[in-house]
Amino acid sequence: MSTPPLFPDPFQQAREQRGLGEMDDQGDPVLMVLRHRDLRRSAHKYQDFSSEVEPGRIVVPSEINIRDMRQIPFELDPPRHTAYRAVLEDWFRRPLGENYQPSLRQMIRDLIEQTISEGPREIVHDFALPLQSRALTLLLNVPLAEAATWISWGTHVFRSEDNPLDGNKATVLYDYIDAQIKQAMQQPGGDVYSVLLNTEVNGRRMTKEEVKGVLVLTFAGGRDTVINAITNSIAYFAHQPKALEQLRQNPDIIPRAVEELVRYFSPLTQMGRVATKDTQVCEHTVNANSRISLCWASANRDASVFENPDEVVLDRAMNPHVAFGFSHHKCLGATHTRTLMKILLEQLIKQVQSIKVIEANEKVEDWGEFQRKVGYDKLKVKMLPI
Ligand code: EMZ
């Protein structure tokens, strides 16, 4: 008898039968595009399905009530989007540079070492969150000490334990970024703030507000997603000890394993767009100014694209997953995250024999007709050394 998947796919039936899902979101409903092919088509059509609407409206759940700051470049359409994207790409490729990976490896090695030696550890808050924050100091090229402040914000910058849309937390983030920008203007250095303040887009320097828009996205978008990817990988290896063994025997497949894990976990379930005119998706009418969402998590289990979609096939050869998004908006932080995940797997097989789960509380998202496990609120494990 086969065991149920560790991360079930709640969209299967709706995807196969209708291709669409429907959910309410604070009175602004969302038509969820569930099939891989429809999703990829819609993602390309920015003239029909825009990202450049009221700030916060393309996010599901909508953030229009808690922020009016536009995140850049993800809340812009081409051609405005293209110019920002072009200058940001260089910076976000830094993980491929020389000193980045040894520093990241050191962080990961130390954290695993501590986890092994200090007994059971809660992974979400005491492993994934510190790792995400420390690694981000490398991406932003700021002192490691900054990570302590970011860790104190918890796993999401706009959500707190008792409030799924917390405007006060947004203020903490904005004030922090304003202060960093001010400091960079007084004393420029090699950090992201100084570099972006000096970067030209369309023949003029980026303004403070624009730099802030980029940083808000970097802090917000790359946070719970990366935390889920790290935590879920550890949960997966605990449940499948053979998988760790398979990677130990064939470390060459690690880059493929990273792609497969992010496909399977799809740490970001969906992202919205707003129709600019009356149009159609999957033979369904979409009215002007209504919302659709590109449901990455569903497309990544589409059996017409992925054989055995509910299985983790660590060396899956063809893997056109959309876990980092698709088309011109695909994730800017993907190089950083892929690098982090690759080193995490490399170090796990070097340092860890097996992982035992002691306590697990699943984090289940509620999307109306769909309930989706996206990660954990709490995952206490013991790592046993090699
Ligand atoms: C937005 C989003 C970006 C949003 C790629 O995702 O991530 C969410 O976690 C934030 O709340 O504001 O940045």
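Helices (H or I, at least four residues) and strands (E, at least two) are DSSP runs, numbered from the N terminus. The views below show a predicted model, in which local features need pLDDT of at least 70 and side-chain atom pairs count only at pLDDT 80 or more, while totals for chains, interfaces and linings use all residues. Residues are numbered from 1 along each chain as its sequence is written, and side-chain values use heavy atoms, with hydrogens and water left out.

**View 1. The shell around the ligand.** The ligand is surrounded by 13 residues, a residue being near a molecule when one of its heavy atoms lies within 4 Å of it. The closest of these residues are Glu63, Gln71, His156, Phe158 and Gly221. Helix 9, which runs over residues 208–221, gives the most to this shell, with three residues. Sorted by class, the shell has seven nonpolar, three polar and three charged residues, where Ala, Val, Leu, Ile, Met, Phe, Trp, Tyr, Cys and Pro count as nonpolar, Asp, Glu, Lys and Arg as charged, and the others, Gly among them, as polar.

View 2. An N or O atom in the side chain of glutamine 71 is 2.6 Å from an oxygen atom of the ligand, and for an N or O atom in the side chain of histidine 156 the distance to a ligand oxygen is 3.0 Å. Of the 340 Å² of accessible area that the ligand has on its own, the protein covers 89%; accessible areas come from the Shrake-Rupley method with a 1.4 Å probe, and for residues only the protein chains shown count as cover.

**View 3. Helix 3 and its kink.** Helix 3 (residues 80–92) has 13 residues and reaches 19 Å from its first C-alpha to its last, close to the 18 Å expected at 1.5 Å a residue, the expected span being 1.5 Å times one less than the number of residues. A kink of about 30° is centred on alanine 86, where the bend at a residue is the angle between axes fitted to the seven residues ending there and the seven starting there. The buried residues of helix 3 are His81, Ala83, Tyr84, Arg85, Leu88, Trp91 and Phe92; buried means under 20% relative accessible area, exposed over 50%, and partly exposed in between (1.4 Å probe, protein chains only).

**View 4. Arginine 316 and its polar contacts.** Arginine 316 is found in the loop between helix 13 (296–299) and helix 14, and it counts as buried because its relative accessibility is 8%. The side chain of arginine 316 makes a polar contact with the side chain of glutamate 260 at 2.9 Å; such a contact is a pair of N or O atoms within 3.5 Å, and within protein one must be able to donate a hydrogen and the other to accept it, with residues adjacent in sequence counting only if both atoms are side-chain atoms. A polar atom of the arginine 316 side chain also lies 2.8 Å from the backbone oxygen of glutamate 307.

View 5. Helix 14 (residues 334–351) has 18 residues and reaches 25 Å from its first C-alpha to its last, close to the 26 Å expected at 1.5 Å a residue. Serine 327, in the loop between helix 13 and helix 14, has a positive phi of about 70° although it is not a glycine, and serine 327 is buried, with a relative accessible area of 14%.

**View 6. Cysteine 282 between two strands.** Cysteine 282 lies in the loop between strand 8 (279–281) and strand 9 (284–286), and has a positive phi of about 50° although it is not a glycine. Cysteine 282 counts as partly exposed because its relative accessibility is 22%.
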